[in-house]
Amino acid sequence: HLNYSMNMEMAIKTIGLSLENFTFNGVSLEGSGSFERTRSNENGNPQSHVTASFTGTWPDGNSASFTGDRTREWIEGYGSGFWGDNVFLISGKGTYTGKHGNVFAKETVTPLRRELSCRFIVSGILNISKNDAVASLDFGDGSCDANGVLTYPDGTSKEIFLRRFNK
């Protein structure tokens, strides 16, 4: 089921999706998601917000699920006509629970700054976890470089090389 709504007064567009009686390769999928685009948020910036919650159930009764949300705010370069000056702040959380009960999650602690003039996220902090073990990835001070600092669950840190844009 797919629906679409638009509030012209508030300049908001919303697209919603829900799965009903949907099966793929024998796995029953249920859940919903939505995408909302706001022309001007409380800061006066364009913003998109995505939410999702889905569960898959196998014929043997095992299941896995995902819930998450992500907000992307366009903070610089809107309307300039040039993509290279565009800057976004990205925040959100996603949690996946596997068939065997393991829980994997990603959550932004400090919004991730994505400048289109750079191929890497330039700043922000992302927590990554498996069950109770939480690591954090600090993308840096705003410099366009491939460096980040990964802090392990035991508190030790290591500088790492970021291969590509992640998120």
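Buried means under 20% relative accessible area, exposed means over 50%, and partly exposed is in between (1.4 Å probe, protein chains only). This is a predicted model, where local features need pLDDT of at least 70, side-chain atom pairs count only at pLDDT 80 or more, and totals for chains, interfaces and linings use all residues. Residues are numbered from 1 along each chain as its sequence is written, and side-chain values use heavy atoms, with hydrogens and water left out.

**View A. Here's the disulfide between C118 and C144.** The structure has one disulfide (a pair of cysteine sulfur atoms within 2.5 Å), and its S to S distance is 2.1 Å. C118 sits in the loop between β7 (103-115) and β8, while C144 sits in the loop between β9 and β10 (147-151), so the link ties together parts that are 26 residues apart in sequence. Strands here are DSSP runs (E, at least two residues), numbered from the N terminus. C118 is buried, with a relative accessible area of 3%.

**View B. Now look at S129 in strand β8.** S129 is buried too, at 17% relative accessible area. Leaving aside residues up to four places away in sequence, S129 touches V103, F104, A105 and V134; a contact means heavy atoms within 4.5 Å.

**View C. Two charges meet two rings, at F88 and W58.** A charge counts as over a ring if NZ of Lys or CZ of Arg is within 6 Å of the ring centre and within 35 degrees of the ring normal. R72 lies over the face of F88, 4.2 Å from the ring centre. The charged end of K99 sits over the ring of W58, 4.4 Å from its centre.

Key:
Helices (H or I, at least four residues) and strands (E, at least two) are DSSP runs, numbered from the N terminus.
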